[in-house]
Amino acid sequence: MPALLTNSFVRGAMVAWVSAALLVAGSTSASAFNGGKPVATTTTDTGKDGDTYRTHVTFTQRGGTDAGDESQPVTSSNVDFAPPVCWYESMTPTEFEAELTRRYNQAGKDNAGTVYNYYNQVQSDMNAIKYHQGDDGSWWVLAWDEDALNSGNALNCAYTTSWLWQAAGTPEPAGTLTPEILSKAAYGRMKLPTRKVALKPVPENQKVNFPTYVSFAAALPEVSVTAQLATVAATVVAVPYSLHVEAGTSYAAPASCDYTFTPSGGGYAVNSADAACNVTYQKATAPGSTYPLTAKITWRVTWTPTATPQLGGEGMPDGTSQSQQAVTVQEIQTLNR
């Protein structure tokens, strides 16, 4: 069952479901194992680690941790994009036996009597067929991204079968781990740097009707995340593409400007000194108040089915990150003698 059970009513209902499943398995095991060959078998998930197989996929991020950078989870430009929260990972018969034993032992430690009895029955049935030892094929076990479990996104899992046996030569079940699934998982784990732009004049001393030049004190790096499990891997690469600056007030003309990043010193930079557009404030801030200048960075994101970063891969939705800083605008004072 894909959801974490936090509601006592739902938990009680599922215990009753397991009890019924045990009675069926005890009286008509052929219906659950198709004459000795196990088919898609649903197990329960009580919301405890013992019933949940957490993925062994590793995530490695590069870039975005330089001094002065504050990282934040990527915001996708596609509001419908959602990283996967679960998928199927293959296991050998020996590995699957160990996984069932782990769940059985954990249920005992948790004093989860009904679930404990359930796994005892499953182990008995599996022992009868020796977990398919020596057979040509693979076990597939539903695995969960730990971040999804901790964030409560487990309800978004599209699969309800906790494990199944797939004989060699038959199509892999839907949801088996692929580089594309890993690329989406890596995208969801990516953190992009945010960095306040350098302003000239400085933020505390902006002037009315003077253009505000923006730049970065240091070039922004590329950011990449690799997701890998055994020989299956995918790497997502994010490259800063454009900068959108908003003055934070309607008393500016223009009130916003857009700039394109250019390669610089192994990274990507923006300097608006010679640009055709620069925010220009037309009204001073009130005493004790400021304007919130926002700098939003758009990142072009691609992915490749590799364990190392490579440019020019398949496109993914753009990512964004942004920062905000307070700006004080003053009138220019002159003195005539």
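Predicted model: local features only at pLDDT ≥ 70, side-chain atom pairs only at ≥ 80, totals over all residues.
Arg189 sits over the face of Phe59, 4.0 Å from the ring centre. Likewise, Arg300 lies over the face of Tyr241, and here the distance to the ring centre is 3.6 Å.

**Aromatic pairs**

Aromatic pairs number eleven in the structure. One of them joins Phe96 and Tyr131, whose ring centres are 6.2 Å apart; with their planes at 70 degrees, the arrangement is edge-to-face. Because Phe96 belongs to helix α3 and Tyr131 to the loop between α4 (113–128) and β5, this pair ties together parts that are 35 residues apart in sequence. Phe96 is buried, at 0% relative accessibility, and Tyr131 is also buried, at 3%.

A further pair, formed by Tyr104 and Tyr116, is stacked, with 4.4 Å from centre to centre and 20 degrees between the planes. Tyr104 is in helix α3 and Tyr116 in helix α4, twelve residues apart, so that the pair links distant parts of the chain. Tyr104 has a relative accessible area of 17% and is therefore buried, given that the term applies under 20%. Tyr116, at 30% relative accessibility, counts as partly exposed.

Ring pairs also connect residues into a cluster that consists of Phe96, Tyr118, Tyr119, Tyr131, Trp139, Trp163 and Trp165.

**The three-stranded sheet**

Strands β4, β5 and β6 form an open sheet in the order β4-β5-β6, and their pairing is antiparallel. Between β4 and β5 (residues 137–144), the antiparallel pairing extends over six bridges. Within this pairing, Ser90 stands opposite Trp140 of β5. Helix α3 (residues 93–109) packs on the sheet and touches β4, β5 and β6; the direction of the helix makes about 120 degrees with that of β4.

**Disulfides**

Two disulfides are found in a search of the whole structure. The table gives their sulfur separations and torsions.

| Disulfide | S to S distance | Torsion about the S-S bond |
|---|---|---|
| Cys86 and Cys157 | 2.0 Å | about 90 degrees |
| Cys257 and Cys277 | 1.9 Å | about -80 degrees |

The torsion of about 90 degrees makes the disulfide of Cys86 and Cys157 right-handed. Cys86 is buried at 7% relative accessibility, and Cys157 is buried at 9%.

For Cys257 and Cys277, the torsion is about -80 degrees, so the disulfide is left-handed. The two cysteines are 20 residues apart: Cys257 lies in strand β13 (residues 256–260), and Cys277 in the loop between β15 (267–269) and β16 (291–304). Cys257 is buried, with 1% relative accessibility, whereas Cys277, at 24%, counts as partly exposed. When the bonded cysteines of the protein chain are numbered in sequence order, the pairing reads 1-2, 3-4.

Methods
Residues numbered from 1 in each chain as written. Heavy atoms only, no water. Pairing = 2+ DSSP bridges. Helix = DSSP H or I, 4+ residues; strand = E, 2+ residues; numbered from the N terminus. Contact = heavy atoms within 4.5 Å. Axes fitted to C-alpha atoms, helices over the stretch in contact; angles between N-to-C directions. Phe/Tyr/Trp six-rings, centres within 6.5 Å; stacked < 30°, edge-to-face > 60°. Buried < 20%, exposed > 50% of the residue type's maximum accessible area, 1.4 Å probe, protein only. Lys NZ or Arg CZ within 6 Å of the ring centre and 35° of its normal. Disulfide = S-S within 2.5 Å.
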